[in-house]
Amino acid sequence: MSFKKEPDAMELGECTRNPGYQDEEDGGSVSDSNTAVPGEKEEDSAAVKLDSAEEYTQLKPYAGMPKEVLLLYSSQARYRVPREILFWLTVACTLTLVGLTITVIALSPRCLSWWQVSPVYQVYPRSFKDSDGDGVGDLKGIQEKLDHFEYLNIKSIWISPFYRSPMKDFGYDVEDFRDIDPLFGTMEDFEELLAEMHSKGLKLIMDFIPNHTSDRHRWFNLSRTRDPHYKDYYVWTDCNASAPKPNNWVSVFGNSSWTYDEVRGQCYLHQFLKEQPDLNFRNEHVRKEMTDIIHFWLKKGVDGFRMDAVKHILEATHLRDEPQVDPNKPPESITTEWDLYHDYTTSQVGLHDLLREWRAEMDSYSREPGRYRFMVTESYDYHEVDKTMMYYGTPLVKESWNHDRPRIASSAGQTYVRVINMLLLTLPGTPTTYYGEEIGMENINVTDSQIQDPAGKYNASASRDPERSPMQWSDDLNAGFNNKTNTTWLPVHPDYRTVNVEVQMQDEDSVLSQYSFLNDLRQSHLPLHRGWFCYVHADATCLRLPQRAGRTQPSFPHSA
């Protein structure tokens, strides 16, 4: 039976692209569509693409467009070039950000250690606080005043020598490196002080005196008798008993660095007092002895050492005369250290290697979190900056501190005490405060009959006594230093009734209050903490720092 095609059917057939969908009434079937002539399908597909291209050539891209149309537009230069530019720009920005991140990490300072967080406060134990009324400060006296460090927000305390000593140089002549001098207390007193300091979050830095010992030290007594093990523990040389000057080397305290010993029949070297013979650090046994002493105190729990007079540790073995500053000066008139260039007695080759060895030993005790063991060196190189810089540039030896200098109020004047404290607490580095500077203490006047310092007994103008007067705590008896008996090892400054801790704590405009405020400011402001600095205003009379949320904006008059 045949049917006539309706017009509508004809229209549908003409719009159908896939012949497999032709109606059976047209004489075909779905299966018939699979028997198309080879190449016909490809031609149809090409025709579709061509038709699509023709159909969409005049239209803008739109959401949901067929893949064929999208590819058609994306291949055009107007779309391809911006896409490539954005891609490579993204790659460049990513690489730049990675590079900047690495640079910032590499150049940024690490987290500050405990010795960098706050000033280091030096306690001279003879003069800080006397707990038993004998006129001399002691370890228990320091313990009584730990609240003072908390008030100042001080975290690190450096205590000058308290080893067993004949006190010819007030503790710098050590008779026993493993014992406490009875003048300052007992080992139990030390351990109790250390425990309480640690419980309050305070760190204790000890003085370590490696260059010399007391002439009463067991090692020296064995060395002078030529004990096989100890005979070379000190620097000995042949000399004439009537004129014991093997060369022109001069002691820091004046006159020859050599003293004849009748027991041994030779001269020994002492770069300080004759009661302070120099150790021979070219002897491996001496090096081991001193390393063992460092271990002894680290095991006790001390947090670090200040290494005393390190530049004197090694001497040239040839013992030649040092060159004179004034070549025309008669050799017999050379009596002070300033008369010579110390080419053979200070900063010898090998010194810094020794310091690195000690630093490495201390590192073995620095592995626990928060227990870094600190090491700082004392080296007076004055104008020879290149020698001083040899202690820097490495994480092994941190930096150098100087002390035994006139007080700020006496050397610069009371007018500048506040200014210098401000600079001390706002400039980069680790500030060091000598006891009493936080209240503006001044040097005392010491008569010839009152001189205690061995350097002052040789040369009154070189005495360190004036800056070692008792700490002024209150207007009580002896400034509160010793309120049990009317005895002090050095005179108290007569201004103690107005210049003392107790009075200044009640005065917001005092030197003490300013010091406390500046120290808090330093520790709370990252730029000051890190050593960065900027300001919002400065003129001839005022310096103003940027505002920080939650604190009053600090403003310091230049003359304050």
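Ser-214 counts as buried, with a relative accessibility of 1%; here, buried means under 20% relative accessible area, exposed means over 50%, and partly exposed lies in between (1.4 Å probe, protein chains only). This is a predicted model, in which local features need pLDDT of at least 70 and side-chain atom pairs count only at pLDDT 80 or more, while totals for chains, interfaces and linings use all residues. Residues are numbered from 1 along each chain as its sequence is written, and side-chain values use heavy atoms, with hydrogens and water left out.

Ser-214 sits in the loop between strand E5 (203–208) and helix H10 (218–224). Helices (H or I, at least four residues) and strands (E, at least two) are DSSP runs, numbered from the N terminus. A polar atom of the Ser-214 side chain lies 3.0 Å from the backbone nitrogen of Arg-216. Not counting residues up to four places away in sequence, Ser-214 touches Pro-166, Asp-173, Val-174, Glu-175, Phe-220, Glu-275 and Pro-277, where a contact means heavy atoms within 4.5 Å.

Helix H10 itself holds Trp-219, which is buried at 4% relative accessibility. Which residues is Trp-219 in contact with, leaving aside its neighbours within four places in sequence? They are Phe-177, Thr-213, Tyr-230, Tyr-233, Tyr-234, Leu-279, Glu-289, Met-290 and Ile-293. Trp-219 and Asp-176 are 43 residues apart in sequence, and their C-alpha atoms are 9.8 Å apart in space.

Turning to the whole chain, the protein has 19 helices and 14 strands. Of its 560 residues, 47% count as buried. Among contacts between residues at least 6 apart in sequence, 64% join residues at least 24 apart. The accessible surface comes to about 29000 Å², and carbon and sulfur atoms account for 54% of this surface; such areas come from the Shrake-Rupley method with a 1.4 Å probe, and for residues only the protein chains shown count as cover.

The largest nonpolar core has 79 residues, of which Phe-190, Met-290, Trp-297, Phe-305 and Trp-358 touch the most other members. A nonpolar core is a set of buried Ala, Val, Leu, Ile, Met, Phe, Trp, Tyr and Cys residues joined through side-chain atoms within 4.5 Å. Helix H11 (residues 284–300) gives the most to this core, with 6 residues. A second, separate core of 8 residues includes Trp-114, Val-120, Phe-374 and Val-376. Beyond four places in sequence, the contacts of Phe-305 include Ile-205, Trp-297, Phe-374 and Val-376.

An open sheet of 3 strands has the order E6-E8-E7, with antiparallel pairing. Strands E6 and E7 are its edge strands, each pairing on one side only. Two strands pair if DSSP finds at least two bridges between them, and E6 and E8, which run antiparallel, are joined by 2 bridges. Thr-237 has Cys-267 in E8 as its bridge partner.

Cys-267 also takes part in a disulfide with Cys-239, with an S to S distance of 2.0 Å; a disulfide is a pair of cysteine sulfur atoms within 2.5 Å. Cys-239 lies in the loop between strand E6 (236–237) and strand E7 (258–261) and Cys-267 in strand E8 (residues 266–269), so the link ties together parts that are 28 residues apart in sequence. The link is right-handed, with 85° about the S-S bond. The structure holds 1 disulfide. Is Cys-267 buried or exposed? Cys-267 counts as buried, at 0% relative accessibility, whereas Cys-93 is partly exposed, with a relative accessible area of 41%.

Note on methods
A polar contact is a pair of N or O atoms within 3.5 Å; within protein, one must be able to donate a hydrogen and the other to accept it, and residues adjacent in sequence count only if both atoms are side-chain atoms.
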